[in-house]
Amino acid sequence: MPGSDELYPPAQYGWGWMLLAIGILILLVLGAWLLIVLTRPRRVLSTAGEPQGPTLLTVDVLSQLRTEYLDRIQMVETDYRERKLSARNANFELSRVVRTFVNEYSGLEAPVLALDDLKARGVHPALIDAMGRHYYPSIFRQGPAIDPIAGAEAARTVVRTWH
């Protein structure tokens, strides 16, 4: 009857749908747990008397970093010798390379610090010397730039002697 005043009860969901929803929630929690477990750093177990692996790895990484930056300095010098870079641009690149090396090696934010800031922090004298004698005058001073070959040698000194 179309005009009946009887109320119909709401549609009931079967147990299958409830089990499906619970199963999906369990899968999501399990997936999150697996993601956390599989991506966390591994613990290194060592016994007394064994050499520590991370210390040796750190020395290898630091020497590899020095080698990488010495190669970069050589590339800048080569580009200058082949006239791919002007003296001013070569000194600018050497300054950038040395500052980035210091940042990667020690965490000091050398790429964004001015020379006075570096002096105030008491950084290694080789960096202050290279910046003050070679890079700053070449980049900021009017007139001819300082010879980048000497700047490259100063950069090598910084990379070799940085502690």
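Guide: pLDDT is the predictor's confidence in each residue, from 0 to 100. This is a predicted model, where local features need pLDDT of at least 70, side-chain atom pairs count only at pLDDT 80 or more, and totals for chains, interfaces and linings use all residues. Residues are numbered from 1 along each chain as its sequence is written, and side-chain values use heavy atoms, with hydrogens and water left out.

Visitor: What pLDDT does the chain average?
Guide: Of the residues, 88% score at least 70. The mean is lowest in helix α2, at 84, and highest in α6, at 94. The chain average is 86.

Visitor: How many helices does the chain have?
Guide: Helices (H or I, at least four residues) and strands (E, at least two) are DSSP runs, numbered from the N terminus. The chain has zero strands. Its elements run α-α-α-α-α-α. The helix count is six.

Visitor: Is His134 buried or exposed?
Guide: Buried means under 20% relative accessible area, exposed over 50%, partly exposed in between (1.4 Å probe, protein chains only). His134 sits in helix α5, residues 125-140. Leaving aside neighbours within four places in sequence, His134 contacts Asn91, Asp129, Ile146, Ala150, Gly151 and Ala154. Its relative accessible area is 7%, so His134 is buried.

Visitor: Which residues in α6 are buried?
Guide: Helix α6 spans residues 148-161 and has 14 residues. The buried ones in α6 are Pro148, Gly151, Ala152, Ala154, Ala155, Arg156, Val158 and Val159.

Visitor: What kind of aromatic pair do Tyr136 and Phe140 form?
Guide: Rings of Phe, Tyr and Trp (its six-membered ring) pair if their centres lie within 6.5 Å; planes under 30 degrees apart count as stacked, over 60 as edge-to-face and the rest as tilted. By this rule the count comes to three aromatic pairs. Tyr136 and Phe140 lie 5.0 Å centre to centre, with 70° between the planes. The pair is edge-to-face.

Visitor: Why are Tyr136 and Phe140 separated by about one helical turn?
Guide: Tyr136 is partly exposed at 22% relative accessible area, and Phe140 is exposed at 60%. Both belong to helix α5. The separation is about one turn because they are four residues apart.

Technical notes: Contact = heavy atoms within 4.5 Å. Expected span 1.5 Å × (residues − 1).
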